[in-house]
Every structure is written in C-alpha cells, then in structure tokens.
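Student: Please show me the structure. I would like to go through it in short questions.

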Amino acid sequence: MKKTLNLLLKGVTILGLAFSAHAEDYITLASTTSTENSGLFDFILPQFKEDTGINVRVVAVGTGQAFEIARRGDADSLLVHDTAGEKRFVENGYATERADVMYNDFVLIGPMDDPANISKAGSAAEAFGAIAEAEAPFTSRGDDSGTNRAELRLWKNAGVEPDGDWYRELGSGMGQTLNTAAAMDAYVMSDRATWVAFKNPQNLKLLYSGDKAMFNQYGSLLLSEEKHPHLKQAMAAKWHNWLLSEEGQQAIAEFRVDGQQLFFPNAK
Amino acid sequence: MENNAFYVALSLLLNFDAPLYQIVALSLQVSLLAVLIAALLGFPLGAAVALWRFRGRGGVIVVLNALMGLPPVVAGLVVYLLLSRAGPLGEWGLLFTPSAMVIAQVVLVLPILAALSRQKVEEMLGEYREQFVSLGMSRARMMPTLLWDARFALLTVLLAGFGRASAEVGAVMMVGGNIEGVTRVMTTSIVLETGKGNLPLALGLGIVLLTLVMLINAGAYLVGEFSRRRTG
Amino acid sequence: MTSLNSPFLTSSALLSPPALFFDGVTYSHEEKVLLGPCSFTLDGIGPTLVMGPNGAGKSLLLRLAHGLLSPTEGRVTWSDNRTPRQAMVFQQPVLLRRSAVANLIHALSVNNVPYRQRAKLAFNGLERFGLGAYAKTPARVLSGGQQQRLALARAWVLSPQVLFLDEPTSALDPAAIKAVEAAVREFHQRGTRIVMTTHDIHQARRLAGDVLFLSGGKVREHTPAEAFFDTPASREARAFITGELVE
C-alpha cells in the first residue's frame, strides 16, 4: 500500500512538474477581487518582477476566502481590505505583521434618476437612511466580505436595519453584484476601483461619495513562519516590503483607469 | 450586445493573441488529460461492476449513477480540502496548479465514464456471455474484449465526459485559483470578464469555447463513423 | 467461472471424447421444474440430434451438457472424469465487431494458442468453410449463413472433442442450411461428437446418428436414428413425427 502511494506521489509530482514548465521563482498571493478586477496587479506586478525577479501568482477571491486560504497555509502572502479582520489574524498568530499599504473609498451607485435622492445627501448616514426610507431596491453582496462588512457598518451608523423586499442579499462578488444591480436598476455600494473599471454600468451612475466613514483601507500581511514553515518566507517578505517601499508606493500611485487614480498609497 | 459578442468572438479567433492561445491550450490540456485518466480508471471499473456479482453491487451502481450529477463546485471543494496545506495531501504542494485542476476534473468525469460504460457492458453481456463462457473466457479476460467491442458507444461516452470537463468552472476555479498565465482557463476567464462587466468579451470567449468543443465533437464523430462503416 | 475447455492441443488428431452422463438431472427456475429428472448416456460420436416440440427443454439440456448451466438436482459428468474440449454454436451467431479472421484469432488467443500459430490456423479454418475470401471482411457484415459458418470455423480451430449446436439453421435459407449441414459433417468426420438440437424433422433425418427425444421437460426416447424414425416407441414421438401438435 505504501509502495503504491509512493509511486502515485511520484507520478503526480511528475505531472505537476510537466505542467509547471516555468518553474521560476514565485509566491502565491491571496488577495481580493477589487484589486484584481481593477487591473492594479496587471500594472504593479511587472514592476515588482523587474525589481526582484519574483513572479507573484494572484488568487483573487472574496476577503473571507482569502483569510481562509492564508490560514490553511495555501498562500505565501495576503493583501486584503478588512483592518479589523487583519488585526485579529495577527492576534491569532497566523501573521506576524500587518501594514497599511493603500486606501481608496467606497461609493454609492444607483440608477440615473435617483429615486431616493441620495446625490443631495450630506453624509453617508443620510444617504443610506434615504434609501431605506424610500425602500428603493438595493443589492448587497451579502457574502461577509470586507466590502459587505463595511456596508453593514454604514447601515448601522444610519440607524437602519436593512430588511424587506427592497434589500437583496446576493451572496456574490463585487462584479456579479454590480451586474445584478445594473439589470435591476438598484442601488449598490462598491469600492471605487471596481466601479471605475466596471464595463457594464448600463443605467447606473456614481451618486454619492466622500464621507470619511466610507474610507477603505488595504493592508498587507506577513504570514507566520511558525504556523506554516513551508511558506516562501523570504520572497514573501520581499513582496511585503516592496509594497511599503518607495518603489511600490509609487507604482500604486501611478496606476490609472480612464485617467483616474484608484488607489492611494499610505504606508507609514 | 449579442451582435457585439459575435464580432468580439470573430476578432478573437482571427487575432489569436498569445494570452488567448495560452488559455485555450491550457483548457484543452487539462480537460483532455482528465478525460484520459478518467477513462483508464473508469472503463475497467465500469466493466468490472458489470461483470462481477458481489455484495453491495446495487449500491455501487446507484452511487456511480448519482455521482454523475456531482456539482463541480462540490468536487472542487473536496479536492481543495484534500490538497490544501492544512489537508492530508498538502505535502504534494499541488494546490493552485494545473495538476490540481486535472485531479478535480478526473473526480467529476470518472463517475460518468464508469456508470455509462457499466451500463453498456452489461447490455453487451446479455448478448455475448454464453458464447464467451463457451469459448473458455474468464471474466477478467472478457473485460478488454467487451470494452473494445463497445468502442463506438464508448467514444460517445468519452465525449460526454469531455463535455462535462470542458464546461465546468466550479472545480477548476476552486483548486486552480484562476491565476493569470498559470491556471486560467476558458471557463474561469469567462467568469472573470463577466465579473468585470465585460459582457461582450465574456460571451465572445464563450463562443470560442463552444466552437472548440464543437470541432472536437465533429472530429470524433467523423472518426467514429468512418471506423464503424468499416467494421459493421 | 472456470474455463470449460481443457488446454488446447496442437495435434490434429482428436482423442475420442469421453462419454457424457446425465444422472437424475433436474433444472428448476423459481420453484418450477423446467427439465427433468432425466438420466441418459451419450457415447460414440453421434451425431446426436435432440428433438422435441418448443418448450420441451432442448436448449436447457444442451446448456446443462455444455456446462453453461448447473443442474438444480442431479449431476452431469464425463467418463474417467475427463472434461473434454468443447465448443458451442448458437442459433444467432455471436461475433465480435472485427474482421472474420480477427474473430478466429481472438478465439485462439483466448485459448492460449501460441501467437505465431494463430494467423495460419485462422486462415486455414476460414478456407475449410469456404470463407477464405472474406477474411478481412467485418464479421457482422456477412450474411446469416456466412456468419454461422464463421461461428463453426471458430469452433473448428479450437479442435473440440464435442460440438454443441442449438438450432443453428432455424434462421437460414435452404442454401445456407445445406452449407451449415456440410460443415457439421466435417466435424463428424474429424471425430468430434455432435450434439445438436433441431425442430426440423427432415434435418434430423439427414444428420442423425441417434435421437434424443424430449417433450414436457422429460426424455421420452433415446434411440438410434433409423429405429426412431421408423418405429418410434413413445406416443409423443409418434405424434411429433407425424406432425401433430404435441405439448
């Protein structure tokens, strides 16, 4: 039995090698769909490769799944936007360090005719409140992602518990949620980067933004060598530090979509 | 938008650029390899269940048939949990590689090939069994003969398996991670572009995928028909 | 399942087959007795024609003799405990989806005939039964009569000491029937014991050495051919020969 298992292992490894003809240096980065879909990685990763020769393989999933992947030791590095969650991750010993990397904001999108009249709102709380009162259709990601958690916090600040036919929890990623909102002519909260890069807005428009409460912070985490000794610690550290370095921060700042800067570097 | 998509598909096919080529090539490699492995395992398995009586045989058949409907995302999840570093096979380091995708698709396709080949072989046994026993064949000896004799029907079964593999996204997304240039295939690309709201491109990719699968099926049909005419 | 055939011998001379004993053999299915009890002996080379009306149990008897079925009660044995090499030809020929010669080669390979001898034996077998020109033809494309002759050729190359045939010509036209009967005679001349079922009295008259007559699941008579056709002993046999309906 052990012999056959061993042979099987060898066979599978050969298969694996046959497939990874490019056995170059690489690390696996678990990150979110907002960074991937906006095109940020397509812009900054080649620069990182030039500086260090390291390939970064991005697995873009929802924030919750990204944490889970890192917890299981399947990723060498983590870049997400859930500061509270990141801090807990460090506390629980899965990461040795977290650092602010960049920020942008969340924005409220809605149908062009703006039935809840949120474009005139003076604050996020007012805007969310107006939507709830008008019972205007609102699509929520409903997937416990960083964005979703931020959205729920904003409802709470507005003193509203979103409930009823108008509030639709989709359990989807940002892109799918935007597609659905566009088809339903509904309000939706998105991160600015995904929205700007989104190509199917149909009748939707950016209606409200700017409240400090809608601030969206991204953090990079250095994962614990103790918990997962097999991780490519040295290369992951290079990536983490590069993000925080002048070169990395500048690369982030230079990234534009349609002339707009989508991510604002704020490493300390 | 539909018109748009056809133009996009056409322009994709005509300007077959390097990233698209890489994605198409990987999709074919993964699915074809998965079907091949699943056939090497599944056809003998199906034939064996058809040939031998044993306790729980009915249960095995029911399970195989039911697993034909295994949701790809569930298969992906199970394989993910097995291959994850935190899982039993973590040491193999296969997660987020094309090998993991092949494994997940083998899991999906194997029941189809086994269940359908079992049914076909059992059908044939009704016709052949007495003559085979008379010729002195043991049940093990009957297996290759039956499988080869059933080859035309089994070709269709293979195409069914390939269809399943090339069409699914749940499994390869989970265990592959849709990493650009490494584990991105046609179906996961379509999901990605849809998520970006880039619907014409997504649809265009879908058309390219369908065209590819259509070509493969057409090729298999021609080969099958040609052979069948020659052997009656 | 064990093989019914003893190892293949390349010698062309056949050992004369051992005698076959049916000893109180009964075959039942779901509590209903379909055949038996019957006891009889087959020795000599026949040809033994097994006759009787439909449902009499002829096919069952053949399968019990060949070993395809096991008796519910009683025993089927061979003298000296020597199980001979046997072959069987069925009413509908069972051929593989490959060429005529490939079918024969397959049968030879199943019986562990050395690789290099197979092609020659196969082609010789085809020639003997007039199928030489069809060697590469897909077996299933051949006519009914040709397919049946192919099945016989396949049996031939295995050098059986006993050949069982289950109504081999009932689906064939007169010309094909003639060719198949000629083939059966070839086996007989070689020394193979023939045991064959038929419902065709004329065919039985042409071929029989002895007759085993069944009706209602029981053996009514076992007599040499002439005696059977001229002076049948049992009432059922008389009715059968004169063409009356017998149950």
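Student: Into which domains is chain C divided?
Tutor: The model is a predicted one. For chain C, the domain assignment lists two segments, 19–84 and 162–247, under domain 1. The other domain covers residues 95–160. The division is therefore domain 1 (19–84 + 162–247) and domain 2 (95–160).

Student: How far apart are the C-alpha centres of domain 1 and domain 2 of chain C, and how many residues does each give to the contact?
Tutor: The C-alpha centres of these domains of chain C lie 26 Å apart. Residues count as in contact if their C-beta atoms lie within 7 Å. The contact takes 13 residues from domain 1 of chain C and nine residues from domain 2 of chain C.

Student: Which element gives the most to the side of domain 1 of chain C that touches domain 2 of chain C?
Tutor: Two elements of chain C give two or more residues to that side: strand E6 (162–166) and helix H5 (174–190). By class, the side has ten nonpolar, one polar and two charged residues. With six residues, the element that gives the most is H5(C).

Student: Which chains have the most contacts between them?
Tutor: Two pairs of chains touch. The most contacts are between chains A and B.

Student: Which element of chain A gives the most to the side that touches chain B?
Tutor: In this contact, 28 residues of chain A meet 20 residues of chain B. Helix H1 (2–19), helix H2 (33–38), strand E2 (55–61) and helix H8 (174–184) of chain A each supply at least two residues of the chain A side. That side divides into ten nonpolar, 14 polar and four charged residues. With six residues, the element that gives the most is H1(A).

Student: Are the residues of strand E3 of chain A that point one way or the other buried or exposed?
Tutor: Strand E3 of chain A spans residues 77–80. A:Ser77 and A:Leu79 point one way, and A:Leu78 and A:Val80 point the other way. A residue with 20 or more other C-beta atoms within 10 Å of its own counts as buried. On both sides of E3(A), these residues are buried.

Student: In what sense do E3(A) and strand E9 of chain A pair?
Tutor: E3(A) pairs with strand E1 (residues 26–32) of chain A in the parallel sense over three bridges, and there A:Ser77 is the bridge partner of A:Leu29. Towards E9(A), A:Leu79 stands opposite A:Ser220. E3(A) and strand E9 (residues 215–223) pair over four bridges, and the sense is antiparallel.

Definitions and conventions
Residues numbered from 1 in each chain as written. Chains lettered and ligands numbered in written order. Predicted model: local features only at pLDDT ≥ 70, side-chain atom pairs only at ≥ 80, totals over all residues. Nonpolar A, V, L, I, M, F, W, Y, C, P; charged D, E, K, R; others polar. Buried ≥ 20, exposed ≤ 12 C-beta atoms within 10 Å, placed from the backbone. Pairing = 2+ DSSP bridges.
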